[in-house]
Amino acid sequence: VGLLDLELNQLTKALFLALVALSVVMVTLQGFVGPWYRNLFRFLLLFSYIIPIRIWGSNLNNDPCDLYLDVFVKRLKWLNSGGICMFSSLRVNLDMGKAAYGWMIMKDDNIPGTVVRTSTIPEELGRLVYLLTDKTGTLTQNEMIFKRLHLGTVSYGTDTMDEIQNHIINSYSQIHSQSSGNNTSSTPSRKMQSSAPKVRKSVSSRIHEAVKAIALCHNVTPVYESRAGVTGETEYAEVDQDFSDENRTYQASSPDEVALVQWTESVGLTLVNRDLTSMQLKTPGGQILTYYILQIFPFTSESKRMGIIVRDESTGEITFYIKGADVVMASIVQYNDWLEEECGNMAREGLRTLVVAKKSLTEEQYQDFENRYNQAKLSIHDRTLKVAAVVESLEREMELLCLTGVEDQLQADVRPTLEMLRNAGIKIWMLTGDKLETATCIAKSSHLVFRTQDIHIFRPVTSRGEAHLELNAFRRKHDCALVISGDSLEVCLKYYEHEFVELACQCPAVVCCRCSPTQKAHIVKLLQHHTGKRTCAIGDGGNDVSMIQAADCGIGIEGKEGKQASLAADFSITQFKHIGRLLMVHGRNSYKRSAALGQFVMHRGLIISTMQAVFSSVFYFASVPLYQGFLMVGYATIYTMFPVFSLVLDQDVKPEMALLYPELYKDLTKGRSLSFKTFLIWVLISIYQGGILMYGALLLFESEFVHVVAISFTALILTELLMVALTIRTWHWLMVVAEFFSLGCYVASLAFLNEYFDLAFITTVTFLWKVSAITVVSCLPLYILKYLKRKFSPPSYSKLTS
């Protein structure tokens, strides 16, 4: 249930109290004569047009009062045979309007591929204050490009990759020549080499080992698209596969791994085939190397690393390769003095880092490991822990091979979109699982944080005292962005939840790094609880689903990580830049239109209830209906429905203007389009017009009572049509069609309403001038007031449109 629905429910409750109060007043003025309770119930039925069936029952925090009120009002409508039918109720009008907004969003050519998965909260897009976004795949493309290879003493970038390629070509040509020269003694020589004392490796051999490790340690599978035109030839095409580069693509669960394998292909070592038990690499010279996969340890969010044990077919060597995040790999590899520093340097450049290491195993060592590993997998109790313990027994004193840096490029137009949202008064929080340095770099490069803006990096805290000191230090900073890790955030929320949220909400931008999916959802709920403002979460992966579902409005991006976020969200988009138009244009229009539509439906019920009250008062408080039968049904449907519903096409600002001046969005978050103030204005308008229409008809009718009905009802229909015209800010051709169609339907139906109208009277000039006079008196003052208001107190957007 959206905020607009909650506000309309409050107004509906106020109208219900007005209904009861008005009925009690009428019975009191009647003098409680006879069975007064029966008259009270009759008045409740007569004035029940006031209530535009709206209460959402159990959806509103399971409040029983709402449910009982809903049932009571519906019973009144059902008992009142001439009352407003269910089709024209506020709920149905708004729900139809929301369906129309969703259709307009999906048909917008400027945001292709957008899908609206809910028809209940499009207005929420126009009331957002906090936007919580993921980083990878949301602000960035999730398309990885290999940028840096660091070996400890030497670093290679994009401009020096040709050197790596030369080293790979030379090393494999030497190996090939050696193996062809002494093919018979290759195995003994390698055994002698392995038992020789260790010497410092050359740069060429280190590059060779690093590239081979990257080419082997992954879960990537090469896929060959068959060029055969007939499906029956597919199998033969795969059997006779020549591993050609043109039709080979790589498939993997992570785009990082694909980027690494594509890079090894670019430097000469190509993954050409893989199955469950083996993989094949092609050297620069065209030689195929086969490696048997003995064990594989997949990547998990807990372990943050993946490993593989392979056996070289030609030499029989067994090697354990592992790669993972620097946080976990630092304790696994042998002591070094450069890994931590270089990881920090790469992270500051916005690169995603992976540490690669290896360990050579003898046949005996592997057999021992395999026995223990299989035994652990057969355990009944604590199987996961035992398996992890056996694998960790191998992960000790591993040889550090290299550090890789992969860049995730920003999505198109991320910078102007974030600037637009910031100018619209929306505070943006970036919640990511990446390292602090990487997250900070992306926040700067995307202009989430200006380069000249101060950044307060929240120091790691583990206790209440440390959290207190750091919060005090943060409190002294003004207008600075906050960067905090998930662990520190957990400590602060444990001891100083209210203080931390209060301080963080004052920041122009907040970056939370190393966040788990649970923490992301928790942050959303904290903002909702402490600020009471509307929140929006946007993400692209399965780890963002909890955050998206916790927010008031969830937006999913269809990205490289699948459609989990897209399917779980309220709105699905294809690019981050589309969120600008979704909020500034469609969010604004949906909120403004629903507010106008809701209040006009209330006005439609209030004006006829006022006429009924005046009529009953004049005729000694008789509980007799003014209009009966088809007149009431027609008033609620065919006579006024189309013009009123055409308000869903209204717009106060052109889309181009809303995007050019995002500051206009700030007014929407204040909720001024639908408030008790605007509601009271519409109530006064309804009382004034209802009184004029009824008193005017009673003053001007001559002989028969049926003339009062004809004059007042015709003036009522014309007044409603003119009020729709008064409410419209930008005319659409369908609005004009709706106005004339409804008027035509009423005029045409007069010929069939002999039961209610005197046909001889309604064709006279007297009838026409009386109806015209009453209609002018009821509407002209409002048109004058609207003109004066626009002239002396124009809204903010009118200055721009002029």
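Predicted model: local features only at pLDDT ≥ 70, side-chain atom pairs only at ≥ 80, totals over all residues.
How many bridges join β7 to strand β8? There are 4, and the two strands, with β8 covering residues 278-282, run antiparallel.

Residues are numbered from 1 along each chain as its sequence is written, and side-chain values use heavy atoms, with hydrogens and water left out.

Strands here are DSSP runs (E, at least two residues), numbered from the N terminus, and two strands pair if DSSP finds at least two bridges between them. In this model, 9 strands make an open, antiparallel sheet ordered β4-β3-β13-β12-β11-β10-β9-β8-β7. At its edges lie β4 (155-156) and β7 (270-274), each pairing on one side only.

Back to β7: a hairpin of 3 residues links it to β8.

| Residue | Bridge partner | Strand of partner |
|---|---|---|
| Asn273 | Gln280 | β8 |
| Leu149 | Thr404 | β13 |

Now for confidence, given by pLDDT (the predictor's confidence in each residue, from 0 to 100). The chain has a mean pLDDT of 85, with 89% of its residues at 70 or more. Residues 54-62 fall below 50, yet have 27 contacts (heavy atoms within 4.5 Å) beyond near neighbours in sequence. Residues 184-199 also stay under 50, with 2 contacts beyond four places in sequence.
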